[in-house]
Amino acid sequence: MQRRDLLRLAAAPLVGPALVRSTIAAPADALVERLRAGGVVLLLRHATTDPGVGDPPGFRLDDCSTQRNLSDPGRQLAQRIGAWARTHGLVPARVRSSAWCRCVDTARLAFGNVEPWPALNSFFGEDAARQRQTAALATAAATIPAGRFEVWVTHQVNITALTGQFADMGAGCVIEGRPGAPVRVFGAFALS
């Protein structure tokens with residue numbers, strides 16, 4: 001990864017729209033070291049999609065052609081995220097994703113293997129699922145041991161419910177779970 005990308009990563013919480021309303025700023029080197037130390041999640045919103053909000057009426061999870069999918073720039077961004085991780089020797093212990101094709105594709109293009117996990121599925125318009133899924137994510141984040149980190153690829157509504165933050169497509173944050181307490185946001189992640 002080029003130095004300019006790392007500088008953008010470090011500056012994202014301060015000047016970029018990648019993660020707004022964030023009071024947590026961490027330089028790129030600090031994020032890398034925190035991921036290496038483990039016990040955390042790199043929580044990402046899927047990469048850039050074709051224009052639109054949500055999915056077309058009647059979309060199906062088992063048919064990507066019925067969903068809003070990654071655009072060419074989104075596929076390139078997902079590949080750059082993976083290249084950034086490999087450049088820093090960051091190998092997640094597990095890569096989990098929402099079942100939506102744009103999330104699975106982001107995770108696969110960046111990291112290879114991916115496990116769909118219903119807790120990461122969008123609950124846009126489904127308030128009943130919000131609490132259940134957010135609690136499952138917070139609980140799982142608190143069980144990741146030191147020396148390991150996971151990558152979770154999901155949707156903006158899930159990130160906001162879990163962290164109180166808003167992430168642009170392809171951006172996210174490093175979070176740490178705490179038993180019985182809200183997750184802690186360590187720092188914002190964004191590549192351009």
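What percentage of the 192 residues in the protein do buried residues make up? In this predicted model, buried residues account for 52% of the 192 residues, where buried denotes a relative accessible area under 20%, exposed over 50%, and partly exposed in between (1.4 Å probe, protein chains only). Because the model is predicted, local features need pLDDT of at least 70 and side-chain atom pairs count only at pLDDT 80 or more, while totals for chains, interfaces and linings use all residues. Residues are numbered from 1 along each chain as its sequence is written, and side-chain values use heavy atoms, with hydrogens and water left out.

The protein comprises six helices and eight strands; helices (H or I, at least four residues) and strands (E, at least two) are DSSP runs, numbered from the N terminus. Their order from the N terminus is α-β-α-β-α-β-α-β-α-β-α-β-β-β. Among contacts (heavy atoms within 4.5 Å) between residues at least 6 apart in sequence, 66% join residues at least 24 apart.

One disulfide is present in the structure, a disulfide being a pair of cysteine sulfur atoms within 2.5 Å. The bond joins Cys 64 and Cys 101, whose sulfur atoms lie 1.9 Å apart. These cysteines are 37 residues apart and link distant parts of the chain, with Cys 64 in the loop between strand E2 (40-45) and helix H3 (72-87) and Cys 101 in helix H4 (residues 101-111). The torsion about the S-S bond of Cys 64 and Cys 101 is about -80 degrees, so the disulfide is left-handed. Cys 64 is partly exposed, at a relative accessible area of 35%, whereas Cys 101 is buried, at 5%. Cys 103 takes part in no disulfide, and the nearest cysteine sulfur, that of Cys 101, is 9.3 Å away. Cys 103 is buried at 0% relative accessibility, and Cys 173 is likewise buried at 0%.

The loop between E2 and H3 also contains His 46, which is buried at 2% relative accessibility. Leaving aside neighbours within four places in sequence, the contacts of His 46 include Arg 68, Arg 102, Cys 103, Thr 106, His 155 and Met 169.

Ala 129, Gln 133, Thr 134, Leu 137, Ala 140 and Ala 141 are buried in H5. Seen down the axis, the buried residues of H5 fall within an arc of 130 degrees, so they line one face of the helix; the arc is that of the directions from the helix axis to the C-beta atoms. Ala 128, Gln 131, Arg 132 and Thr 139 are exposed on the other side of H5. The cover over the buried residues of H5 includes E2, strand E3 (94-97), strand E5 (149-154), helix H6 (156-163), strand E7 (172-178) and strand E8 (181-189).

E7 and E8 pair in the antiparallel sense over six bridges, pairing requiring that DSSP find at least two bridges between two strands. Gly 172 has Phe 189 in E8 as its bridge partner. The two strands, E7 and E8, form a hairpin with two residues between them, and Gly 180 in the turn has a positive phi of about 75 degrees.
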